[in-house]
Amino acid sequence: MYSSADELIAAVQPAEGGRDVIDPSTGEVFARVPVATPADLEDAINRAEAAQVAWAKLSHAERSDYLNKAADAVEASAEALAVLLSREQGKPLNGPNARFEVGACAGWLRANAAFEVEPEVLVDDDTQRAELHYDPIGVVAAINPWNWPMMIAIWQFAPSLRMGNTVVSKPASSTTLSVLALAKVLNDVLPEDVLTVVPADSKVGAALTGHPKIGKVMFTGSTEVGKIIARDAADNVARLTLELGGNDAGIVLPDLDVKAHAENLFWGAFINTGQTCAALKRLYVPAEIYDEVVEALTEVAKNMPMGNGLDEQNVLGPLQNRSQYEVVDRLVNAARDAGATINVGGDPDADAPGFFYPTTIVSNIDNDNPLVAEEQFGPALPIIKYDSLEQAIEWANGLEVGLGSSVWSSNTDAAVEVARQLEAGTTWINQHGAIDPRVPFGGAKASGYGLEFGVAGLKSLGQPHVITIPKA
């Protein structure tokens, strides 16, 4: 158990050397992390390969027991992990943020421990019995993003380990400390070398995804990087699960009770200050209730406190890095320059410390504006007026991405009818981004392929193996 974030930092930061870790709320350095070399990566892969033999020989029940012990360890150090996460990623402790994320880590570990993965009987007749088993793949490369660094790492670690694989993880450069700290907590109870974090740059990371000893790559991040990883993995025919970029659409139907759903709409878009792949990033609203929706969301936005994540009252924080701040600023300015209305926000204080961008609602905007057509990945929501439902569906499906989507209505049947016409891996009704470890999750079109979560997610971390037994 770690009693404080400082204790965890001391356990993982290098005695000398390394690189700075920046607090996005202040712009100040508060820790250092090691920097891995190509030799470090090679050593990690070799040790993972060696450890995988004994790990694979354990039963599902034995590996599940380890996952439950890992969940206990996360819960015992939960506050230290949450504070460290808030300091590095920027997200507040409260709301659907740092404490929520750490709690989700324990929840996903326990869920993956509880799933049953039994051999499937495909045929059992007078002539033969055919069974489908799922064997370990080997060493899994897990590439984690910076927006939910601990939680998404666990999405990769837990099913990989449960299925008998070992893991070599490469975290995002701007949230390396969070993943190192999480792995330290996990490795206090896991066998040696079944989970290794390599704090590498992108060049060393490329050597990981293209390494001949890697049997599967799990990646969450942009579509552009996902395409590179797919090419790198192709030479070794490594299996892939890619959860890539999204620009999720939500469609409001005319019968929606706006007041009842305004806060859910807000959090669908602004969870983690908008820095979520499957967040609501463009909202289509019919003309007859357009002004009401804009006004309701503007009022919610005005009343959600933003600030340093360690201040208990805040529920919105800074952008995690300067680069993403500049993306959001550019896109909001493009909307303003085109004549869109900035209902709230859109005017950051360039001299303030940290990477804070104000919560921004934009209306009277064209569907082809860059703020709509490009993924902003930050606290700015464009609300687009539509005249017909067919037009809204066409606009929602008009981009190359299809991670999530949502339909908002007081009539569930009508909402489901619209949902069936949307091109996305998941469509939520009267909510957006609500994930569950029991429910498979994945993207359509350029938002990636492969499933995570649930038994389907576990099976994606196994090698299908059919055994056919003839009968006399």
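Me: Which residues do ring pairs link into a cluster?
Reply: This is a predicted model, where local features need pLDDT of at least 70, side-chain atom pairs count only at pLDDT 80 or more, and totals for chains, interfaces and linings use all residues. Residues are numbered from 1 along each chain as its sequence is written, and side-chain values use heavy atoms, with hydrogens and water left out. Rings of Phe, Tyr and Trp (its six-membered ring) pair if their centres lie within 6.5 Å; planes under 30 degrees apart are stacked, over 60 edge-to-face, the rest tilted. The cluster linked this way is Trp108, Trp155, Phe441 and Phe453.

Me: How many aromatic pairs are there by this rule?
Reply: Take Phe266 and Trp267 as one example: their ring centres are 5.3 Å apart and their planes at 85 degrees, so they go edge-to-face. Phe266 has 0% relative accessibility, so it counts as buried (under 20% relative accessible area; exposed is over 50%, partly exposed in between, with a 1.4 Å probe and protein chains only). The count of aromatic pairs comes to 11.

Me: Are the rings of Phe441 and Phe453 stacked or edge-to-face?
Reply: Phe441 is buried at 4% relative accessibility, and Phe453 is buried too, at 6%. Their ring centres are 5.7 Å apart with the planes at 15 degrees, so the pair is stacked.

Me: Which residue lies over the face of Trp148?
Reply: A charge sits over a ring if NZ of Lys or CZ of Arg is within 6 Å of the ring centre and within 35 degrees of the ring normal. At 3.7 Å from the ring centre of Trp148, the residue is Lys91.

Me: How many disulfides does the count come to?
Reply: A disulfide needs a pair of cysteine sulfur atoms within 2.5 Å. The sulfur of Cys277 has its closest cysteine sulfur in Cys105, 16 Å away, which is too far for a bond. Cys105 counts as buried at 1% relative accessibility, and Cys277 does at 8%. The disulfide count is zero.

Me: What is the strand order in the open sheet of three strands?
Reply: Strands (E, at least two residues) are DSSP runs numbered from the N terminus, and two of them pair if DSSP finds at least two bridges between them. Strand E4 (residues 128-136) pairs with E20 in the antiparallel sense over nine bridges, and Gln128 has Pro470 in E20 as its bridge partner. The sheet's pairing is antiparallel, and its order is E3-E4-E20.

Key: Helix = DSSP H or I, 4+ residues; strand = E, 2+ residues; numbered from the N terminus.
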